[in-house]
Amino acid sequence: STRTHGAVFNLEYSPDGSVLTVACEQTEVLLFDPISSKHIKTLSEAHEDCVNNIRFLDNRLFATCSDDTTIALWDLRKLNTKVCTLHGHTSWVKNIEYDTNTRLLVTSGFDGNVIIWDTNRCTEEGCPHKKFFHTRFLMRMRLTPDCSKMLISTSSGYLLILHDLDLNKSLEVGSYPILRARRTTSSSDITSSGSSGPRAVGSPCHQNNSGPLSEKTLSRPSQREGGSPRNSLEVLTPEVPGERDRGNCITSLQLHPKGWATLLRCSSNTDDQEWTCVYEFQEGAPVRPVSPRCSLRLTHCIEEANVGRGYIKELCFSPDGRMISSPHGFGIRLLGFDAHCSELVDCLPREASPLREIRSLYSHNDVVLTTKFSPTHCQIASGCLSGRVSLYQPKF
């Protein structure tokens, strides 16, 4: 039980599965041995506000981010002090990614900025950094496993995809090719978020859009031989069941471990519905110039429990990508693409199909906010609003 530390906002295992880290509402980070369930360490006052996300760079170094607008680097071998504190965001920092190819840390926050940090040149004063991208209403940012794409979700229902990613090049307004997006129900184009952002008003988490949001198709004005130019921006409004006449907020964004699909948790603007949706990546050139193909296609979805309004629920894929663990009320649901937990590529439907519920696990007395599979063991962790962490493993 972690009641004194506030709600559990995020869980993260080290790559070797030896440590489970817990990001807490009340400024602290907890570390556990997930095999023995023993408490290892509490990083008291790890930040000056809520700890939102934790990301391991390797088996010993990890980064945390907070509503205090900073990112902190930590070393498991010396947890009494931070390696360094990174300053650059001007609002709550919500997401951390790491490009293993370039060894660049990538963070995003509610200031709308995606910032790149050079961890190769860190000192006690911080790391060299630069603003890479900016969009309004930014919620979550993820890199595909091969770091070839960056996906950004917004509270106004847009999903931005940067193709053929080059993190060494900062993206200023007008410096990247735009794969313009159109509504399938009309011929009106939307404006790229990099220019002026989606038209929306309201709070960062729930926007009131004046018109209906629907799936968009894309026209590609120019492509170099062999594919689109580096850092080409694609703007999508993912199809969400039951949301054709209302806007939605993309609150959680995850990538399939093999890079085959993206996993979204969406809530309606009125906050009375939540959906978990899987979108397959469709690679290749457009089929016809008149009717180009989106990069994503909705393959599976399921309606979620409408509880814990205002809180983001973080879901995840299993390490092999065959199952999804999703917060559901006071517990979690294990979901599969079919009843046999087959690979996604082996059970792709022609039209969107329901995710299959494999098992439900309820051990909390409050709304579950986050869940995570161990990368190395048959274990799942979940954390709830009242601060309790639960560990599950199968009986053999």
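Ala, Val, Leu, Ile, Met, Phe, Trp, Tyr, Cys and Pro count as nonpolar, Asp, Glu, Lys and Arg as charged, and the others, Gly among them, as polar. Keep that handy for the tour.

This is a predicted model, in which local features need pLDDT of at least 70, side-chain atom pairs count only at pLDDT 80 or more, and totals for chains, interfaces and linings use all residues. Residues are numbered from 1 along each chain as its sequence is written, and side-chain values use heavy atoms, leaving out hydrogens and water.

Stop 1: Residues 44-77 are 53% strand and 0% helix (DSSP runs: E, at least two residues, for strands; H or I, at least four, for helices). In residues 86-118, strand makes up 64%, and the end C-alpha atoms are 11 Å apart.

**Stop 2: the largest pocket.** A pocket is an open set of points on a 1 Å grid where a 1.4 Å probe fits, with protein on both sides within 12 Å along at least five of seven lines; lining residues have an atom within 4 Å of a point. Select Glu12, Arg55, Leu255, Pro257 and Lys372, the closest to the centre of the largest pocket among its 36 lining residues. By class, this lining has 18 nonpolar, eleven polar and seven charged residues. Strands supplying at least two lining residues each include β1 (8-13) and β30 (368-373).

**Stop 3: the second largest pocket.** Now select Leu334, Cys378, Ile380, Gln393 and Pro394, which lie nearest its centre. Its lining divides into twelve nonpolar, six polar and four charged residues.
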